[in-house]
Amino acid sequence: MALSAKTKIDLLQKLDFLAEQESQVFQYLSEIVVIKEVKAGECIFTIGDPGGAVYVIASGCVQIHDHDHVFIELNESRSFGEYALIDTDTRSASAKAKVDSILLECTQANLREVERHFDVKIIDTVLIPLQNIRRRMMVKDQLEEELTSQKIMIEKQRKELESLNATKDKFFSIIAHDLKNPFASLIGASDFLVNSSEELSKEQLDNFHEIINSSARSGYRLLENLLEWARMQTGKISFKPKEVDLWNLVNEVVNLLTGSAEHKEICLTANIQENLSARVDENMINTVVRNLVSNAIKFTPRGGEIVVSSKLLDQFIEITVADNGIGIAGDKIDKLFRIDEKVSQIGTENETGTGLGLILCKEFVEQHGGKIHVKSKLGKGSQFIFTIAV
């Protein structure tokens, strides 16, 4: 399609970098630029293409885009591609015709010819500074992106520090209060026996023996969990998975804790599928089951029932410790496995705890690619359910 000289000049005057030029420059340039006809959907240039040309739309519509995302649509008299006119600059976006379009193509070679003919400077005095501005803008964008990345990293580190502080606070809280309680009972009962044992009846002696035994066991369990947890935090616990018979593991834990359950007249049973095995760290899973069953005993009243059961899912083994004890309030369930929350509840016979065992359970279960959660209703009992990846 032919365009009149006046139309070409009018279009060329749309190019900002030619705004200060004399009319004869536009007249000369209009005679040497190329008319480019582009069909609908045809690509004009794409990302990474070398520069060397700018375009003014004589008719039609052009889309500037990045893959399938359209940044802008340009109609008649609009120009595009200015910042990639110099050969050393590559295209940072793509351009294609939305409909059949006619473009006026002005190349770097055209501008060089005008410069020689009229002894003027266009590229060096106008376009190179424009390109430098664009490069500075790109550097600025990169710096802003880097600053954003650093802010994200700092926020992540802040949260990690908060978690570490919560861990430290929990650690010292347990040492200062919870670990002291069983030893206080132990020392008090033993002191009384040392000073007054001859004055006590057999029934009273048996009662003090029971207090001493219960306090010693409680202190030992807490200390055991505390040491395990401390080793976990310092990375000194190594994950050593091997093929383990889960039927045997769970039944060993149940047999170990049967005495504590019978003391409260609780029926403790294991309903684990035979020949159920998985590749796990035996000590970690033993600790998880032991803690969950110990908690169930603590919060189940006399005459209650606790069942440890299993279910084989597609990619997981599910272990459930269910009791018909006092249950857990809904607003406390979400806090049970959080180090920065203090959730204390007295057992059915005034047993105390720190919640550390549940935090340890969560960390050990997650080491195995599983999850742990709770279903509970006040007065109806609780189900602690954890999974192990097969």
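This is a predicted model: local features need pLDDT of at least 70, side-chain atom pairs count only at pLDDT 80 or more; totals for chains, interfaces and linings use all residues.

Colleague: How many aromatic pairs does the structure hold?

Modeller: Four. Rings of Phe, Tyr and Trp (its six-membered ring) pair if their centres lie within 6.5 Å; planes under 30 degrees apart are stacked, over 60 edge-to-face, the rest tilted. Y28 and F118 make an edge-to-face pair, 5.6 Å between centres and 85° between planes.

Colleague: Where do Y28 and F118 sit in the chain?

Modeller: Y28 is in helix 2 (residues 23–32) and F118 in helix 3 (residues 108–118), 90 residues apart. Helices are DSSP runs of H or I, at least four residues; strands are runs of E, at least two; both are numbered from the N terminus.

Colleague: Is Y28 buried or exposed?

Modeller: Y28 is buried, at 17% relative accessibility. Buried means under 20% relative accessible area, exposed over 50%, partly exposed in between (1.4 Å probe, protein chains only). F118 is partly exposed at 25%.

Colleague: New topic. What about F45 and F80?

Modeller: They form a tilted pair, 6.1 Å centre to centre with 40° between the planes. F45 lies in strand 2 (residues 43–45) and F80 in strand 6 (residues 79–80), so the pair ties together parts 35 residues apart in sequence. F45 is buried at 8%, and F80 is buried at 3%.

Colleague: Which residues do ring pairs link into a cluster?

Modeller: F45, Y55 and F80.

How values were computed
Residues are numbered from 1 along each chain as its sequence is written. Side-chain values use heavy atoms; hydrogens and water are left out.
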